[in-house]
Amino acid sequence: MRVFVAGGTGALGRQLVPQLVARGHQVTASTTSAAKLELLAELGAEGVVMDGLDAVSVGEAVAKAQPDAIVHQMTAITGKPDLKHMDRWFAGTNRLRTEGTDHLLAAAQASGVTNFVAQAYAGWNGQRQGGWVKTEEDPLEGLPGPSAAALRYVEETVVKAGGAVLRYGWFYGPGSTETLVEPVRKRQFPVVGGGDGHCSWIHLDDAARATVLAVEQEAKGVFNIVDDEPAPANKWLPYLAECAGAKPPMRIPAWLARPLAGDVAVGLMTEGRGFSNAKAKRELGWELRYPSWRQGFKAELA
């Protein structure tokens, strides 16, 4: 197939593009910077500079590529993680999940493309009632207003258009692990309260594998792309510290963490819900290289 990857130089795009190429697909991938065109060429794609928030730019790039499938991986997550000010940290990404999605879907319609796959998120933001592990049928919860609204928008809009939405878990892997581990090594990532809040992880390589399958099978609907082991913070965080050669994380009460780290971080640690990958494994035939974060963390930090 001819596949257009919007956001080809992001953390997932850098894994996805070469996997698509290895499967025999012809890939055109976008970047916002001309300086990254060489990287896309090295990954095996034809690169194009595109502004995902500009309808004309998106329309022209897609029309020129003449794709059979479009993959929406555009984000604008920069700088250090800032859960305390998540609305500000995710402002650009929220626009790409709303305005950017609209522009890509319009370009897809104009080019007659019905095979459309978009990125969403399912790390720890499952409904905070009932069990610790949620399916695609359960609503999302726990993110601040604009970020939650942006996720709902991309899911509802893409599914209505006949596409697939992949809810990726918390990424780790090339380009992502070190950002995660740095505060752990500095003991700036404590276990809050009892640390019972659950999270689902996914290695970038496995996330890319699932995305390739969704493209090739012209998948439709919502899929949780997470590993087999949703786990509480009081399990995965000490293990991550151990793998990183760091001291065990500190433990602080929720009342102390709230003014320091904010409601989102405290909710993640104490009330977060993980997700089931049963649907993706069943319907896409997806097999994971790293079925558990235990294997993945160890391999990344060996």
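Student: Does Arg187 count as buried, partly exposed or exposed, and at what relative accessibility?

Tutor: This is a predicted model. Arg187 lies in the loop between α7 (177-185) and β9 (191-192), and it has a positive phi of about 60° although it is not a glycine. Buried means under 20% relative accessible area and exposed means over 50%. Arg187 therefore counts as partly exposed, at a relative accessibility of 31%.

Student: Gln66 also has a positive phi. Is Gln66 buried or exposed, and what is its relative accessible area?

Tutor: Gln66 is found in the loop between α3 (55-65) and β4 (69-72). Its phi is about 50°, although Gln66 is not a glycine. The cut-off for exposed is over 50%, so Gln66 is exposed, with a relative accessible area of 53%.

Student: What does helix α6 reach from its first C-alpha to its last?

Tutor: Helix α6 covers residues 145-160, which is 16 residues. At 1.5 Å a residue the expected value is 22 Å. The model is close to that, with a reach of 22 Å.

Student: Which elements do the buried residues of α6 pack against?

Tutor: The buried residues of α6 include Ala148, Leu151, Glu155 and Val158. An α-helix has 3.6 residues a turn, so residues three or four places apart point the same way. The buried residues of α6 pack against α4 (86-89), α5 (91-111), β5 (115-121), β7 (164-168) and β12 (221-225).

Student: Which residue with a positive phi follows α6?

Tutor: The helix covers residues 145-160. The residue that follows α6 has a phi near 90°, and it is Gly162.

Notes
Residues are numbered from 1 along each chain as its sequence is written. This is a predicted model: local features need pLDDT of at least 70, side-chain atom pairs count only at pLDDT 80 or more; totals for chains, interfaces and linings use all residues. Side-chain values use heavy atoms; hydrogens and water are left out. Helices (H or I, at least four residues) and strands (E, at least two) are DSSP runs, numbered from the N terminus. The expected span of a helix is 1.5 Å times one less than its number of residues. Buried means under 20% relative accessible area, exposed over 50%, partly exposed in between (1.4 Å probe, protein chains only). Contact means heavy atoms within 4.5 Å.
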